[in-house]
Amino acid sequence: MAKTIIISNRLPVQLQINNGSINAIPSVGGLATGMKSVHSGSESLWIGWSGLTDEDTPPELEDAIDKALKENGCAKVKLNAQEVDGFYFGFSNRTVWPLFHYFLKYSEFELDFWNTYKAVNQKFADAIIEKSDEDDTIWVHDYQLMLVPQMVREKRPNTSIGFFLHIPFPSYEIFRTLPWREEILEGLLGSDLIGFHTYDYERHFLSSVRRLLGLEVSFNEIYLDNRVIKVDSFPMGIDYKKFRDAALVQVERKQDNRSDLQQRLDDHKASAPDTKLILSIDRLDYSKGIAKRINAFEYFLNKYPEYKEKVRLIILAVPSRSNVPQYQLLKKEIDELVGRINGELSTVNWTPIWYFYRSLPFENLIDLYTSSDIAWLTPLRDGMNLVAKEYIATRTDKSGVLILSEMAGSAYEMNEALLINPNNFEQQADTLHQAITMPLEEQQSRNTFLQKRLERYNVEVWANEFMSALNQKKTAGHAYISQKITNEYLNTISKEYSDSSKRLLFLDYDGTLAGFHKDPQKALPDEELYALLDQLHNQKDTTLFLISGRDKQTFGRWFLPKKYNMIVEHGVWISKDGEDFKLLENVKSDWMEKIKPVLESFVDRTPGSFIEEKNYSMAWHYRNTDPDFGEKRATELNTVLTSLIGNDDISVLNGNKVMEVKSSNVNKGRAAVRMLGEDDYDFVFAIGDDWTDEFMFQELPNSAITVKVGLKKTQAKYHVENTKRVRELLKRFAKP
Ligand code: ADP
Ligand code: G6P
């Protein structure tokens, strides 16, 4: 039976060896805590690092380790200390983590880190290949393993691979600073589906793909030669029921069955019933804004001194990545800050901050969530922040106020929380005041909305949505896309070709017979192409037409001496057997002088774009502009032109990075059909790559073989991947 293979650096349990025996302790962090609920109970294997290095592991314990992991549905990838240093503490947490969280200054670009990252990613990929079957679904997680999808794809071209990034994907301006940016993108593009927490991260990723790899992106799909990759946002949820149920049990537990921590919290509440408890829980990470939060707390106490002795801030910071220098510095900074503020403000009855630097069992986490009046989470950047969701889920009586940074992914879905900018102390102090004084009804009304959403879109729904999007891609393929011309089908068409007695071929030029060039005038036909076209043109009983949007001067120069038949400017002009071009359609051109200034104003405002003036049409090319900006301008131009031309007999065509204005009664389809009527053909073939070729695909009779170049949506019956495949196909016709 096909399995799901989950793969991440961090497994849901971490192994520790104490006096020769192995302990499995639950992992901290959003990925592990969230995915754990999806993993248990399903038919899946989770592959990752056990938390132990080879050096920490006595060989005689290997089997026991495998057994302990197996009991948790896991299997290990073995890493030695040097690998953990370069891959985990190095590239993952000293290069990618700071960069993706916009801490550009902390990001270190070390070649050694990168080389180890690549080697360790290969180890993970090899483990997947070894432990999975061809029909298993592979789900790769997070920034530590961004090269794995492509590494697996190379060995398993047909396996379904999903990737989810649990941290932000930064804007192109940040991402482009990474020396290995192309390799990272290419690694990710080995996936079939790439998921992010928010639409913003998705948008940043697509922008980088477009700008750095120059790939075609349409809505949320990326087009490679032979595959389409889907990109989407899936905001991760929590195991709502687990937190809710734990809170219900906790609230109803009798006094003497309560944990020590809970009893201390209860005592505190009893002795100071007016005091509000403000809670913050994070891994000790600079992205979480802990130092800023403490400073903002001091600011609040100075601005609203009446709350001294009336509020207490509980900071639970979980030790994390402590071999990384920035984390060590942060630890020192927080220790000092807490010490200073407590030293300056404490009274006999009151310590403003309770600071815990440790990991706590789940039960204590629930104690803290249920006992605190306010949760105050101020990350400077956070992919999602599950703590915010967990706090709300534990509020069984719907009381409690969540103050959440706008910079957390979860803020997008938690509008009813009090959202703040963590850099704005004035706003934070006022928001704390608002939270402390918020009437219970308002708290309950806000939390009712929040809880409903969290309950509905829980982690299981999140994982199911991701998996079903991945499976859909696998089963449906590209239903709307035409059928691929396989080698087998190529044999069939070639046979039909040679068996026929009169053949008519329509071949588009740019993007079909030749690739694109920054300067269209430089996309010259090469010798191989001439030789191929000569063969087809000279073949008995074959009528070949080059059919293009190009102007007659250029095609005249390139192909007239060869006497190929040509239809140019989308069907305005025709030349047969080397004769001069003649008008194929009666077209007007008086509109052109009105449109030209509009196009010129777009050229002025869009660097890299230019106008191509043909005899009966005008084209605005934007291939060389900034891709996002070019698309934006193209949409704008489309709106302007459509409103300008009104009911006139002219229309706007959106080609491949070109927008063309021309007479409506001219198109390639109409021209092709006219040629078809001139003789009795029993083999009709048309091939092209863009929107303007769709007219041919639509208007030629059903018996025609119509072929799209590329994987875009089309009316053609078949497709081939690229211009190289077009030539292979035509070579078969040339020598049937
Ligand atoms: P991140 O993934 O960056 O650490 P999140 O807020 O998304 O941040 O996830 C943190 C997860 O770790 C939460 O599920 C939380 O319950 C868990 N966690 C945080 N602190 C502790 C702790 N002291 N002990 C156990 N689990 C913790
Ligand atoms: C974040 C990352 C996870 C990581 C977790 C804990 O949630 O997205 O990939 O597992 O932090 O960090 P750690 O370095 O301890 O695995």
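# Reading a predicted model, step by step

Q: Where in the chain does the UniProt annotation "coiled-coil region" fall?
A: According to the unreviewed UniProt entry, the "coiled-coil region" covers residues 244-271. Keep in mind that what you have here is a predicted model.

Q: Let me step back. How many helices and strands does the protein have?
A: Start any tour with the overall picture. The protein has 25 helices and 30 strands. Its C-alpha atoms fill a box of roughly 105 × 65 × 45 Å along the principal axes. Of its 736 residues, 57% count as buried.

Q: Why is strand β1 described as largely enclosed by the rest of the structure?
A: Look at how much of each residue is left accessible; "buried" means under 20% relative accessible area. Strand β1 spans residues 4-10, and five of its seven residues are buried, so the rest of the structure largely encloses it.

Q: Which strands pair with β1, and do they run parallel or antiparallel to it?
A: A general idea to begin with: side chains in a regular strand alternate between the two faces of the sheet. Now the pairing. β1 is joined to β6 (residues 137-141) by four bridges, and the two run parallel. With β4 (residues 44-49), β1 pairs over five bridges, also in the parallel sense. To find these pairings on screen, pick one residue pair for each. Ile7 has Val140 as its bridge partner in β6, while Ile6 stands opposite Trp46 in β4.

Q: On to the ligands. Which residues come nearest to ligand 2?
A: With a ligand, list the neighbours, then look for polar contacts. Ligand 2 has 14 residues around it, and Arg10, Tyr88, Asp142, Gln144 and Arg321 come nearest. Asp142 has a side-chain N or O atom 2.4 Å from an oxygen atom of ligand 2. For Arg321, a polar side-chain atom lies 2.8 Å from a ligand 2 oxygen, and for Gln144 the distance is 3.2 Å. As for cover, ligand 2 on its own has 370 Å² of accessible area, and the protein covers 92% of it.

Q: Which helices each supply at least two residues of the shell around ligand 2?
A: They are α1 (30-39) and α3 (81-100). Sorting that shell by class gives six nonpolar, four polar and four charged residues.

Q: How many residues surround ligand 1, and which are the closest?
A: Ligand 1 is surrounded by 17 residues, with Gly30, Arg283, Lys288, Leu360 and Glu390 the closest. A backbone N or O atom of Gly29 is 3.1 Å from a ligand 1 oxygen, and one from Leu386 is 2.9 Å from an oxygen of ligand 1. Lys288 uses its side chain instead: a polar atom there lies 2.8 Å from a ligand 1 oxygen. Taken alone, ligand 1 exposes 570 Å², of which the protein buries 90%.

Q: Which element gives the largest share of the shell around ligand 1?
A: That would be α14, with three residues. The elements that each supply at least two residues are α1, β12 (276-283), β13 (311-318) and α14 (386-393). By class, the ligand 1 shell holds eight nonpolar, five polar and four charged residues.

Notes. Residues numbered from 1 in each chain as written. Chains lettered and ligands numbered in written order. Predicted model: local features only at pLDDT ≥ 70, side-chain atom pairs only at ≥ 80, totals over all residues. Heavy atoms only, no water. UniProt positions renumbered as here; feature names shortened; annotations may be inferred. Buried < 20%, exposed > 50% of the residue type's maximum accessible area, 1.4 Å probe, protein only. Pairing = 2+ DSSP bridges. Near = heavy atom within 4 Å. Polar contact = N/O pair within 3.5 Å; in protein donor to acceptor, adjacent residues only side chain to side chain. Areas by Shrake-Rupley, 256 points an atom, 1.4 Å probe, with all protein chains shown as cover. Nonpolar A, V, L, I, M, F, W, Y, C, P; charged D, E, K, R; others polar.
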